[in-house]
Amino acid sequence: MIRNIARCLTLWMLVWQSSEAAAATTLASTPQMGFNNWNSTHCRAEFNETMIRGVADRLVSLGLRDRGYTYVNIDDCWAESERDAAGNLAVNHERFPNGLKKLADYIHARGLKFGIYTSAGTLTCEQPGGFPGALGHESQDAALLASLGVDYLKYDNCNHGTLDARQRYRAMAVALRQTGRPILYSLCEWGDNRPWLWAAEPDIDANSWRTTHDIEDNFESMLKIYRQNVVLETYARPGHWNDPDMLEVGNGGMTPTEYRSHFSLWAIMAAPLLIGTDLRKIDPAALAILSNAEVIAIDQDPLGVQGKRIRDSADAQVIVKPLADGSQAVALFNPSEHAATLTVNATELGHAAAERYTVRDLWSHTSREYTAPLSATVPAHATVLYRIRPAQRAP
Ligand code: GLA
């Protein structure tokens, strides 16, 4: 009898442990993909229910959902400036006349997931004023968001006085866990307190953490953010990603060449891929970039390794990312103002000197055989992105 009870208990423990492990690894086992309105609208009035529903529809009709872009995230300015009589966050009914539950249902009905934003402070970041933040209200706010069907929380960093960051982000982590709903937890702490050192620890278990301040829609800003993020590769792993901020592709401030660099670099750095342009108005060139399945596959590779920079000079940035099938992604990025020939030898890639490769160019979608060294002429601000594997030797 006692032995039977013990056996049952052991069995139960095993089931419990494996379901815990499954829960812990399901969210963001590869970097999250989706849409967030901020880069295209900030707080302007065009950020509203019509837009978000329209974007959800376009994610489906443009084939982007099926490429992996599944989260539809709303950013700051969705709330009223005051909590309601029960102390709950209240939705701004001018922007979202049917409320957030209906919006979440609409998104879920299309096979997508719903994400939202608040701040680990008394107010959110919007200037002037801000909207109520979750500091001191973590349990109540997490419970409300879970009841609305939220699948993703971006948790910002404004208006927190002198309170310790780790403590603030832990409080929300605990509250989210208590809801029992799997909610992807995306820290937006801007890298100020080096979150890559603590945000993945079990007390917080964040799925991603911003490593930089906000991106702007120009090459200089993108380059600066890339440089800050590319050195953090040792901290990224399945379930826990460095986040160099959302994509600007399609917003008009960079050339198509620069946007291809932006997307290539984010992919090889295993960054979250959150589209930041209004998909109801996207131009074909930007859509082609965001839809490139071979580049997306580099970002989403199940091995879950962020690419490592192996060359760092004014006109040559070389990043290498090992992939689950034994091949490697290699980015040759030229940030300078003139064309440059970038050459990488086999030993730099970890191969024997006379190695022959099959090289796939992920932007021209062409393959060829190549004997090391690997070399390409790269225009100013451009990136050549390869997937390489040692060529099959003749039997
Ligand atoms: C901060 C964040 C941005 C955005 C705004 C909203 O600046 O870093 O991504 O969420 O707040 O106010």
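**The ligand and its surroundings**

Modeller: A polar side-chain atom of Arg210 lies 3.3 Å from an oxygen atom of the ligand; a polar contact is a pair of N or O atoms within 3.5 Å. This is a predicted model, in which local features need pLDDT of at least 70, side-chain atom pairs count only at pLDDT 80 or more, and totals for chains, interfaces and linings use all residues. Residues are numbered from 1 along each chain as its sequence is written, and side-chain values use heavy atoms, with hydrogens and water left out.

Biologist: How far is an oxygen atom of the ligand from the side chain of Asp76? And what about Asp156?

Modeller: For Asp76, an N or O atom of the side chain is 2.8 Å from a ligand oxygen. For Asp156, the distance from such a side-chain atom to a ligand oxygen is 2.8 Å.

Biologist: How much of the ligand does the protein bury?

Modeller: The protein buries 92% of the 310 Å² that the ligand exposes when taken alone; these accessible areas come from the Shrake-Rupley method with a 1.4 Å probe.

Biologist: Which residues surround the ligand?

Modeller: Among them are Trp38, Tyr117, Lys154 and Asp214.

Biologist: Turning to the rings, how many aromatic pairs are there?

Modeller: The whole structure has seven aromatic pairs, meaning Phe, Tyr or Trp (six-membered ring) with ring centres within 6.5 Å. Phe47 and Phe96 are edge-to-face (planes over 60 degrees apart), because their planes stand at 75°, with centres 5.5 Å apart.

Conventions:
A residue is near a molecule or strand if one of its heavy atoms lies within 4 Å of it. A polar contact is a pair of N or O atoms within 3.5 Å; within protein, one must be able to donate a hydrogen and the other to accept it, and residues adjacent in sequence count only if both atoms are side-chain atoms. Rings of Phe, Tyr and Trp (its six-membered ring) pair if their centres lie within 6.5 Å; planes under 30 degrees apart count as stacked, over 60 as edge-to-face and the rest as tilted.
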